[in-house]
Amino acid sequence: MANTHDVTNRKRNVVSTAYKIERAINGGKSMRIEDLEDVLTVKDIAKFLGISRAKAYELANSDEFRTIRVGSRILIPKSSLLKWLKGETDH
């Protein structure tokens, strides 16, 4: 079982990685997670994570986080994405 120090370090690394991803996507400008909408599209996920749209669809279809299908649209709750970034499950 991981001790509190290990868990804290892992959380800190996740936050640091998310911050670096945000800055890279925004050309060095910081984009806060709080600025994201509560419900995201696959295109939003691609832009936020800095991956191709094809990879974002692959991720959305992988059951890594919760998705909602409305017709042909795939929507992702921001809360589910944040849990996934922290290494938590949403299922």
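## Overall organisation

Among contacts in the protein with a separation of 6 or more, 45% join residues 24 or more positions apart. The structure is a predicted model. Its secondary structure consists of 4 helices and 3 strands, arranged along the sequence in the pattern α-β-α-α-β-β-α.

Of the 91 residues in the protein, 25% are buried.

## Helix α2

Helix α2 spans residues 42-49. Its buried residues are Val42, Ile45, Ala46, Phe48 and Leu49. In an α-helix, residues three or four places apart point the same way, because there are 3.6 residues a turn.

Gly50 follows α2 and has a positive phi, near 70°.

## Packing of α2 against α3

Helix α3 comprises residues 53-60. The axes of α2 and α3 lie 8 Å apart, and the two helices pack at an angle of about 115°. The pair is therefore classed as roughly perpendicular. The crossing of α2 past α3 is right-handed.

On the α2 side, the contact involves Val42, Lys43, Ile45, Ala46 and Leu49. These residues meet Arg53, Ala56, Tyr57, Leu59 and Ala60 of α3. By residue class, the contact between α2 and α3 holds 8 nonpolar and 2 charged residues, with no polar ones. Lys43 in α2 and Arg53 in α3 are the charged members.

## Packing of α2 against α4

Helix α4 covers residues 78-85. The axes of α2 and α4 come within 12 Å and cross at roughly 35°. This crossing, too, is right-handed.

Ile45, Phe48 and Leu49 represent α2 in the contact, while α4 provides Leu81, Trp84 and Leu85. The contact of α2 with α4 is made up of 6 nonpolar residues, with no polar and no charged ones.

Methods:
Residues numbered from 1 in each chain as written. Predicted model: local features only at pLDDT ≥ 70, side-chain atom pairs only at ≥ 80, totals over all residues. Heavy atoms only, no water. Axes fitted to C-alpha atoms, helices over the stretch in contact; angles between N-to-C directions. Parallel < 35°, antiparallel > 145°, perpendicular 65-115°, else oblique. Left-handed = near helix turned anticlockwise from the far one by under 90°. Contact = heavy atoms within 4.5 Å. Buried < 20%, exposed > 50% of the residue type's maximum accessible area, 1.4 Å probe, protein only.
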